[in-house]
Amino acid sequence: MSEVYRFPAVAFRPDEYVRAKTVEDVVSILKEHGDTARVVGAGITLHELSVMGMLSGVKKLVDIQQLGLDYIEVSAELTKLGASTPMFKLRDHEVFKREQAMRAISDAADFVPLQVVNAATIAGEICAGLPILSLPTALMVVDAKIKCLSWEGDREVPLENFYVDYFLTDLRPEEFVTEVRIPKQPAKSASAFKYEKMSAADYPLGSIAIRITLNERGECQDSRVATGSLGRIPMRVKKVEESLNKTNLDSQSLARAASLLSKEIDPITDLRATGDYRRKLARSLFMDACEMAINRLKR
Amino acid sequence: MQIDLRINGSDQSVMIKPHESLREVLRRIGFTGVKKGCDVGGCGACTVLLNGDPIYSCCVFAAWAQGKDITTIEGLATGGELQLIQQEFATRNAAQCGFCTPGLIMSAKALLEKKQNLTEEEIRRGIAGNLCRCTGYVKVVDAIASASKK
């Protein structure tokens, strides 16, 4: 018996699936086809968007597996992540377990279901433009920048400036992401990422990433705090960061920052939770992430 | 378009449409052990192994899987002889309606290939992406734990 497939209201029917051999191939296809072409990582988010009827205008899929963009390169000044690197490699790579300042990245890549971690790529997680994915939140606290390439050349965009609105990023129709760059992290720093979700295969209800840098007196010299699933975009919460700086990270300072956090975010209400619940959850995740990062600073 | 897939150790040329998922193509060419569940990467009924690791076949493009080793539930038993993990599922009654079973067995197979003597936590984490609405997982975990000790 043949299967009955319920077509979405607006069907996703690309004409062609192209296996690009070089970066120039991709640049040239995107120059010619712009928004009607889409670069494929593993296609997980594209599939989900297509089911929602959001990709009906896409006529060309561009597979970038053969471009050699599956790498993690670590040097003293910079860590480079290729666009096609799957999430499980971030989870397992020694540098993200060893460098306390970058631990948030392996925390964010260490999620279930494994079926997604094994296939999803770094650029896919970033370019989906969904506030619910974990990696952008974690990358923001390590000051990651992304390299966007088009026929006009390349440009580097700080990830914290990349998200414009729900499903909307700063990526132009003729560009694609080739690399993520993480600068050398400040000394005496540690980061952590915490999330909560209702079931293994569901999206997080909320997530928080934090990086704390201590000065020689053991006070918080600098901090980064970013949120996911707690607003329309993954974003840094700078008032929270400011309130942590120059404190000794005692329970009062953390409570004051947590209180600012619930004012700075604007979480939605949906079938999973109310916005009010998410605000309370954010405080709790923030306190847990702080505790995790502080403990890592002691190692 | 035509693609070449390596499924259960055999090469196959298949005509597909560019948007088709691996799940759709596998079922169309006869691998009906790959179940259609939620079709958006949420239930795990469509789980297959790609180069030995479990993935949701419903939400990757079939064309993307070209050149990778695909293993479906049909690739486990040889000559009618069940593999150890299949035997354990059968003898411990780890299936009820059976719809989730192929996906669960594929996730379990990947776990067992990587490590023996799995803890309950490791098993539960390994099968977290597979939903079962009948058995409540206890017997599934027992079956995988037993296989991991043999």
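Into which domains is chain B divided? Chain B has domain 1 (2-75) and domain 2 (84-148), with bounds that come from an automatic or database domain assignment.

The model is predicted: local features need pLDDT of at least 70, side-chain atom pairs count only at pLDDT 80 or more, and totals for chains, interfaces and linings use all residues. Residues are numbered from 1 along each chain as its sequence is written, and chains are lettered from A and ligands numbered from 1 in the order in which they are written.

**View 1. Contact of domain 1 and domain 2 in chain B.** The centres of the two domains of chain B, taken over C-alpha atoms, are separated by 21 Å. Domain 1 of chain B brings 14 residues into contact with 13 residues of domain 2 of chain B; contact requires C-beta atoms, placed from the backbone, to lie within 7 Å. On the domain 1 side, β3 (47-50) and β4 (53-56) of chain B each supply at least two residues, and β3(B) gives the most, with three. Helices (H or I, at least four residues) and strands (E, at least two) are DSSP runs, numbered from the N terminus. This side of domain 1 divides into eight nonpolar, four polar and two charged residues. Ala, Val, Leu, Ile, Met, Phe, Trp, Tyr, Cys and Pro count as nonpolar, Asp, Glu, Lys and Arg as charged, and the others, Gly among them, as polar.

View 2. β2(A) pairs with strand β3 (residues 60-63) of chain A in the parallel sense over four bridges; pairing requires at least two DSSP bridges. A:Val40 stands opposite A:Asp63 in β3(A). With helix α2 (residues 44-51) of chain A, the two strands make a right-handed β-α-β unit: with the strands pointing away from the viewer, the path from the first strand over the helix to the second runs clockwise.

**View 3. Contact of chain A with chain B.** Here 26 residues of chain A are in contact with 24 residues of chain B. On the chain A side, β1 (16-19), α2, β3 and α6 (114-117) give two or more residues each, and α2(A) gives the most, with five. The chain A side has 15 nonpolar, five polar and six charged residues.

Key:
Contact = placed C-beta atoms within 7 Å.
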